[in-house]
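Subject: The model we talked about

Hi there,

Here is the structure I promised to pass on. Could you have it open while you read the notes below?

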Amino acid sequence: MPSGDFDVVIVGAGGSGLACAIEAAVQGASVWVCEKGPQPGGATAWAVGAFTTSSSPHQAQAGVKDSIDQHFADMDLVNAGAQRPDNLLLRRLLVEQAPPTLRWLMDLGVRFMGPYAETPHTQPRMHNAVPGGAALVYHLLARARQLGVQVRCQCELQDLMVETGRVTGVVVRDADGSTRYVRARRAVVLASGDFSGSRAMRARFFAAPVVNAEPVYEQNTGGPLELAERLFSTAIVNGDYAAFYIPRLRFVPASSPSWVTRLPPTRGITGLMQWGLKRLPPSWIRPFMMRLVTTVLGPEPALFKQGAAMINPSGQAVKVDPASPARALTLEPGNLAYIVMDHALASRFEAWPHFISTAPGIAYAYLSDYRAARPDIFHSAASLTALAERLGMPADELEKSMQAHWQAGGRSAKDIQGPFYALGPVRGYITITEGGLSVNEKLQVLDGQQQPIAGLWACGSAGQGGVLLDGHGHHLAWAFVSGRHVGRQLMALNQTQERP
Ligand SMILES: Cc1cc2nc3c(=O)[nH]c(=O)nc-3n(C[C@H](O)[C@H](O)[C@H](O)COP(=O)(O)OP(=O)(O)OC[C@H]3O[C@@H](n4cnc5c(N)ncnc54)[C@H](O)[C@@H]3O)c2cc1C
């Protein structure tokens with residue numbers, strides 16, 4: 001017996017699922033969301049919060065002349081490294097709907113800083129949610145609840161109900177282990193994220209460095225993608241695409257986050273933060289913003305291109321491919337290391353364009369930001385021996401490894417001076433995977449014959465459909481654009497129009 005009956009059932013309460021839920025509920029739909037995790041948010045809550053778009057109020061205020069068409073064209077540059085075809089219909093949807101979607105998020109209460117430059121974009125387009133991705137989830141969830149959307153946590157999709165070729169509902173395992181059947185009169189929307197949390201799926205598509213990498217958000221195990229594959233022969237497009245952040249070096253998150261991370265990102269509080277970012281001396285406000293970080297920050301590959309070394313806890317150098325510094329690390333036992341630099345190199349990472357990482361609120365974090373706010377991952381000492389002691393590694397091994405590293409880089413002993421710095425520990429993480437279900441431009445899921453499956457839609461990473469989203473800020477833009485796009489169509493839909 002069905003134990004629920006709604007217009008729309010959404011699988012996953014991350015960014016795309018909540019955006020979809022809000023838009024459907026605004027049109028009068030009754031909406032039920034099943035969420036596998038203990039709380040809503042998904043990878044979206046872990047995100048730095050970068051949202052990349054043209055034509056924003058921030059660009060207008062900064063006098064930036066940009067356009068949707070220029071953003072569309074620039075994505076050829078941004079995605080050039082992928083060396084595979086893009087889904088240009090979905091790219092068009094992304095760049096056209098990103099500007100109104102940024103404004104929609106702002107109307108919900110999210111504040112953004114920016115626009116920030118990022119190469120190879122020809123215009124500054126990156127806008128950062130204050131203080132980070134968790135603020136996006138906070139405001140989306142508040143609006144969804146206000147509209148009567150029901151979100152059920154610890155409730156995992158197990159199967160789809162299919163009647164005469166139409167998806168009519170979901171079978172879920174509820175928090176208490178019981179099975180629930182929930183009917184969807186209009187649509188089931190898969191908004192279940194990527195498959196980075198599944199070692200088996202990683203092994204299916206990738207080689208050992210990605211398989212061994214640690215997932216940032218482990219609940220996204222791709223079950224709903226495999227279900228669509230099994231029931232309808234739907235393709236997972238670009239499942240094997242290892243973008244530059246796959247795997248990605250990231251700092252291990254703080255074991256005891258600062259109390260400021262518990263501040264609710266209300267409009268009032270984020271307004272104060274924004275005011276502080278604009279008006280207060282950077283030496284006051286930047287450490288505060290850095291302490292708010294709830295994500296796992298990723299050191300830039302540029303650190304290694306410029307000459308930093310990666311050293312494992314035994315004091316030995318890890319071989320670094322500057323194009324993907326995490327690759328070799330994921331093959332090391334323990335998948336753990338420190339980034340080690342001498343003073344001359346470290347002092348280069350104090351101003352644009354040499355940043356250590358992107359960071360919520362402040363966009364780019366430099367060495368002094370880490371010094372001021374992250375004692376858990378910033379270490380310095382006058383000598384290598386003292387640094388080794390601080391890191392708990394054998395001093396003679398560290399000394400040997402660093403001398404060999406500097407020699408290989410053509411630096412003589414007289415060039416090298418303390419103090420010496422280490423950042424870490426770092427690990428090879430799998431941030432997100434790029435494979436999403438094959439969808440049409442409405443974001444209906446397609447079967448093996450490229451025909452829309454009646455009643456089944458997808459958005460966010462689950463509905464990525466082959467659109468390439470390299471660079472910073474396109475994934476969140478896609479999550480919200482695609483979630484809204486699906487949500488807006490569902491109540492207007494005459495169900496006989498679902499098939500072309
Ligand atoms: C550390 C980090 C930083 C990032 N920073 C940025 C950034 O600054 N800018 C940017 O553009 N992108 C960023 N990204 C990527 C971005 O966060 C994701 O691409 C985006 O949030 C995906 O949204 P989504 O709704 O598709 O998935 P999610 O937000 O992951 O939501 C999917 C939800 O589905 C749930 N779920 C999964 N399986 C099931 C199931 N079987 N049943 C029920 N529920 C299920 C999950 O628990 C999850 O809550 C970052 C990602 C990470 C990990």
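What follows is a short tour of the ligand surroundings, some helix contacts, a sheet and a few backbone details.

Please keep in mind that this is a predicted model.

**Around the ligand**

Let me begin with the ligand. There are 43 residues around it, and those that come nearest are G12, G14, G42, G193 and G460. Which elements give two or more residues to this shell? They are helices α1 (15-26), α2 (42-46), α9 (223-232) and α18 (474-490), together with strand β7 (156-163). Sorted by class, the shell consists of 22 polar, 18 nonpolar and 3 charged residues.

**α1 and α18**

Two of those elements, α1 and α18, also meet each other. Their axes come within 7 Å and cross at roughly 30 degrees. As angles under 35 degrees count as roughly parallel, α1 is therefore described as roughly parallel to α18. The crossing of this pair is right-handed. On the α1 side, the residues that take part are G15, S16, G17, A19, C20, A21, I22, E23 and A24, and they meet L476, A479, F480, S482, G483, R484, V486, G487, R488 and L490 of α18. By class, this contact between α1 and α18 has 10 nonpolar, 6 polar and 3 charged residues.

**α5 and α18**

Helix α18 has another partner in α5 (residues 88-108): the two pack at an angle of about 90 degrees, and their axes are 9 Å apart. Angles of 65 to 115 degrees count as roughly perpendicular, so that is the word for how α5 lies relative to α18. From α5, the contact takes in L93, L94, Q97, A98, T101, W104 and L105, while α18 brings A477, W478, F480, V481, R484 and H485. This contact of α5 with α18 has 9 nonpolar, 3 polar and 1 charged residues.

**α4 and α5**

Helix α5 meets α4 (residues 68-78) as well. Here the axes come within 9 Å and cross at roughly 135 degrees, which means that α4 is oblique to α5. This crossing, too, is right-handed. I68, H71, F72 and M75 represent α4 in the contact, with R91, R92, V95 and E96 from α5. The class count for α4 with α5 is 4 nonpolar, 1 polar and 3 charged residues.

**A three-stranded sheet**

Next, have a look at the open sheet of 3 strands, which has the order β3-β5-β4 and antiparallel pairing. As a reminder, strands of a sheet pair through backbone hydrogen bonds, either parallel or antiparallel. Which strands are at the edges? They are β3 (50-52) and β4 (112-116), each of which pairs on one side only. From one strand to the next, the twist averages 25 degrees. Between β3 and β5 (residues 126-129) there are 3 bridges. To find one on screen, go to A50, whose bridge partner in β5 is N128.

**Backbone details**

Finally, a few spots are worth a look in the backbone. Most residues other than glycine have a negative phi, and most peptide bonds are trans. Against that background, I246 and P247 are joined by a cis peptide bond, with omega about -10 degrees. P247 sits in the loop between β11 (236-237) and β12 (248-251). Another cis bond runs from G424 to P425, where omega is near 15 degrees. P425 has its place in strand β18 (residues 420-430). Then there is S55, a residue other than glycine with a positive phi, near 55 degrees. You will find S55 in the loop between β3 and α3 (57-62).

That is the tour. Happy browsing, and do write back with any questions.

Best wishes

Technical notes
Residues are numbered from 1 along each chain as its sequence is written. This is a predicted model: local features need pLDDT of at least 70, side-chain atom pairs count only at pLDDT 80 or more; totals for chains, interfaces and linings use all residues. A residue is near a molecule or strand if its C-beta atom, placed from the backbone, lies within 6 Å of it. Helices (H or I, at least four residues) and strands (E, at least two) are DSSP runs, numbered from the N terminus. Ala, Val, Leu, Ile, Met, Phe, Trp, Tyr, Cys and Pro count as nonpolar, Asp, Glu, Lys and Arg as charged, and the others, Gly among them, as polar. Axes are lines fitted to C-alpha atoms, for helices over the stretch in contact, and angles run from 0 to 180 degrees between N-to-C directions. Angles under 35 degrees count as roughly parallel, over 145 as roughly antiparallel, 65 to 115 as roughly perpendicular and the rest as oblique. Two residues are in contact if their C-beta atoms, placed from the backbone, lie within 7 Å. A crossing is left-handed if the near helix is turned anticlockwise from the far one by less than a right angle, and right-handed if clockwise. Two strands pair if DSSP finds at least two bridges between them.
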